[in-house]
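Here are my notes on this structure, point by point. Please read them with the coordinates open.

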Amino acid sequence: MVGHTDADFVSVVIPVNNPSVDVGRLVQGYSEPLRSAGYPFELIFVLDGVHGRIVEDLAELSSEHPVKTVRLQGDGLGESIALSAGVARARGAFILNVPQYLQVEPDDLVKIVQALESGADFVATWRHPRVDPWLNRVQSTVFNWVLRAVMGIRFHDLNSGVRGMRRQVLEEVSVYGEMFRFLPVLALRQGFNVVEVKVRHREEQGTLPFYGIGVYVRRVLDILAISFLTRFTQKPLRFFGILGIIAILIGIAVSLNPLYERVIQDVSIADRPIFVLGVILVAFGVQLIGFGLVGEIIIFTQASQMRDYRVDEVVQVEGPQPSDGAVADAVDAALGRAEPREDSPALRVRELLPGEDARWDAFVHGHEHGSFFHLSGWRRAVEETFHHEAHYLVCEQGRAWRGVLPVFHIRSPFLGKQMISVPYGVYGGVLAGDEDVQQALIDAACQQGRRLAAGYLELRHLAPRPGDRVRFDLYVTFRKELPATVDEVLPSIPKKARAEVRRARDRFSMTFEELDDVSVFFELFSEEKRRLGTPSLPQSWFENLREEFGKAVVLHVVRDADRRPMCAVMSFLYKDAVYAYYSGSSNEARGKGVADFVYCKIMEWAIERGFRVFDFGRSRRDTGAAKFKQNMGFEPEPLHYDFTLLRADAKLPEFHPSNPKLQGPRRMWSKLPKGVANRVGARLSRYLP
Amino acid sequence: MTRFHAPRHSRTQTAATAPRVSVVVPLFNEVQNLLRLHESLSYALGSAAARLGSYEILFVDDGSDDGTRDLLRRLAADDPHVRAVLFRKNCGQTAAMSAGFEMAQGEIVVSMDGDLQNDPSDIPRLVERLEDGFDIVCGWRRHRQDSFATRLLPSMIANQLIRWATGVPIHDTGCSLKAYRAWVVRNLHLYSDMHRFIAALGAGLGARITELPVRHHPRIYGQSKYGLGRIFRVVIDLVVIKMLIQFAAHPIRWFGMLAAPLFLIFVALLGVGFLKFEEGRLGLLWNYNNFYVAGAAVAALFGFNVFLLGFLAELQLKASRFFRRRIAITATEAAR
């Protein structure tokens, strides 16, 4: 029935319920301004229980003017239904609803259409200045004021019979009874764009001189109904509950005094009707809450049929979902693997934002030098345990990532202020595609470091990076390709160490297994640290690592024949490597070959699970630990720890266990009772990254 | 056999091309966070595609006025994984979530906040946990990054109350990051502020629920959209949920409890009005006190009223066939 709707076609809907209306004048008055403004239009007269001469008049007019007639079957169905029926026959995108008499200057209709054209969904009108009888004006003012007070909506003249709207509004806002009057309010509640336009009021003979008071009372009740429905449909108990609680509280307050006097002072309350009032209020309050609960049950059981939201539009790319190839492309672009374009934008370094952790980890994963310690989980574990300030830097080119640098700002009474990439880890530093990116990241970190008054920037590189920086040559690391099969592990170990492994296995019947309990590991770890005279890391650190990395952190334990734990190792699994990172052994384990045994077993364990590289971790040159690792058949590999001094007076750190000045304190430390050493050590380790 | 809600918006896609995981993100004035969020979400989901399967992201804009909508239109036009649902006006977070749930096509649905406080890289973990045999996996912000007085404390109280009232042992009901099987969200029918009680409502459906610690980041951009004022509302909602969960099958019990104090008042007033206590003996007071008796009568009348409201509630439940439908759903899913 609804034909093609033109963009600016205007349908004027005029409900008529008065048979003596002069339709000729109406047609003349309403069509003149629209025609001269150049809008295509139609006039739709909806005859609501009107018969007789007017029908012929309209038929006659329709030959010259674009006039349509809709006759409602029935008698006095009301303006809401008339409006709906008229709109159903209308073909315009813009609907003007006007009364059956010329209430406003017809010229102002053009203003309404213009407002609709410029984006409004609904146009309310404000007749100003009014030329009504004074009583109508007073009633209208009071009514609009009540509306504003109850609903908090500012309309000056809701009674105006002239309104403009887009067709869409009436399709979504259903009106019934007298509700058409509140169309602007309802439209606004549905999120439509409602504007108010001033129109000139015009004295018209067709109107009644006064409205009765009852008309306005009905309208105020309508407002309350609308207000309730829109606000509390979904939460009846909020409405009834608050009323009920207020009633109960007032009731209790009112009846307390008489009750008190009766019980304590024995004053009769025979003449205290307020007590009954109190009881009534309490009971009433309980009943209101009951109403609210019934309401909630009704809503809950009907919830499947309710939808309390209005979808404006759904935007999506039409067509099938992309194949996985497209996903891979998107991933590549995000990772910076895609080739940069010719007109590539400048490099930009910024800090990592929350929610980008997954992308960070993927970048680390994709980079050849990316290590376990570069992962974002390391940051969270460090922050959680030691509360150091992290600055994870990302170098971007456009939207693509070109490099990353994880760095922490550490304040330590022993080492001063410093920037470290990364603390507690043995490998860190820049991950970048080329030297420009690397330099941009290091510059940004230095700048950050100077701002924080740090002495130097320490980059714990495993592999050498281009550029000229101070190298710190204290540490070496031990890494080796694992043999292809489990059986080749033992033969690959030098003879002396192999004998130790066998001794532990055969003579002391040591057993090797995976461990779940961090506290067993920590016990051994802290015992060893104390023996060596260095503060132990806190247990929470190991727990946080486990929580953060889950299955990528494994614990192994060696037990003796009595199943007492002798030695435990915490290893990290990343890419194709196993990092045997933290270890601890009990005092009793010495001289039983336990250490050789456990690492041999971990290597076998790693091969079974398909790992290819065994990382024994760093040691200071020429220490016992380094010799042990060499005895196990590993060759020392130099580490490329780079330093950039950030202040003129800054110098390289001297606070490490090889420093002869620290021999005394270290011996003292190992004499401390275990509880004290662990507790103090946990605090101290914060400053020894 | 009762027919359940088929997804209403499945017109463009057939089962073969439908994504496996749908992520629903309600947004309200998040223009500063949106691009980052989209990027990290695409990232987390794209790189885990081998395990998770295909995905879609449903951004539901809850009537933002800060440019979020324009940005969303662009995102949705560029990225075939993204669908943007734009509300015409602000309808609240529950409505946004419920719209997203309704349009979600995946067999697994994940909901999360749009303010970057949740971490998209937790999604694969949640989904894996779901695949261990659960129907709802709730995120648990173990280390929350919010201010104590305005966010943490109210939330702790609310969580404790919710746990106590609903009996569902979830630590953090306020965390939006959750994963569900599709049948759960299709039958949840959220309204009002019910998103806080998803776990409890899900338990009512017979869903198997568990939780998983997730990361939580401090807010960097934009304003938090909660305040202290919601405590009262949460308490009221809690009463409702308690009733709906425990008594929905027999509302008359709940109304009986509500009426009980009124009957107590009735009995007490009757006693005080008619009995006297003199010289250690209980006697009947013949010139009884009008006001006590009037009060007693009022209490009795209202008490009966409240009690009888329970019948109305029973009637409504019967008429709506609510439990028949629900039992059918649970039975179907349990048999699967």
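1. Two strands count as paired if DSSP finds at least two bridges between them. That criterion is needed for the contact between the chains. Note also that this is a predicted model.

2. Start with the pairing across the chains. β8(A) pairs with strand β3 (residues 82-87) of chain B. The sense is antiparallel, over five bridges.

3. Now the wider interface. Here 62 residues of chain A are in contact with 72 residues of chain B. On the chain A side, the elements giving two or more residues are α9 (236-263), α10 (273-302), β8 (311-316), α11 (324-335) and α12 (357-366) of chain A. Which of them gives the most? It is α10(A), with 21 residues. By class, the side of chain A that touches chain B has 36 nonpolar, twelve polar and 14 charged residues.

4. Within chain B, check one helix pair. Helix α10 (residues 251-274) and helix α11 (residues 290-320) of chain B pack at an angle of about 170°. Their axes are 8 Å apart. Angles over 145 degrees count as roughly antiparallel, so α10(B) is roughly antiparallel to α11(B).

5. β17(A) and strand β18 (residues 553-559) of chain A run antiparallel, joined by five bridges. L515(A) stands opposite L555(A) in β18(A).

6. Last, one residue. Y641(A) sits in strand β23 (residues 640-645) of chain A. Is Y641(A) buried or exposed? The cut-off for buried is 20 or more other C-beta atoms within 10 Å. Y641(A) has 22, so it is buried. Leaving aside residues up to four places away in sequence, Y641(A) touches E458(A), R460(A), H461(A), R471(A), F472(A) and Y475(A). Y475(A) is 166 residues away along the chain, yet the C-alpha atoms of Y641(A) and Y475(A) are separated by 8.5 Å.

Technical notes: Residues are numbered from 1 along each chain as its sequence is written. Chains are lettered from A and ligands numbered from 1 in the order in which they are written. This is a predicted model: local features need pLDDT of at least 70, side-chain atom pairs count only at pLDDT 80 or more; totals for chains, interfaces and linings use all residues. Two residues are in contact if their C-beta atoms, placed from the backbone, lie within 7 Å. Helices (H or I, at least four residues) and strands (E, at least two) are DSSP runs, numbered from the N terminus. Ala, Val, Leu, Ile, Met, Phe, Trp, Tyr, Cys and Pro count as nonpolar, Asp, Glu, Lys and Arg as charged, and the others, Gly among them, as polar. Axes are lines fitted to C-alpha atoms, for helices over the stretch in contact, and angles run from 0 to 180 degrees between N-to-C directions. Angles under 35 degrees count as roughly parallel, over 145 as roughly antiparallel, 65 to 115 as roughly perpendicular and the rest as oblique. A residue is buried if 20 or more other C-beta atoms lie within 10 Å of its own, exposed if 12 or fewer, and partly exposed in between; C-beta atoms are placed from the backbone.
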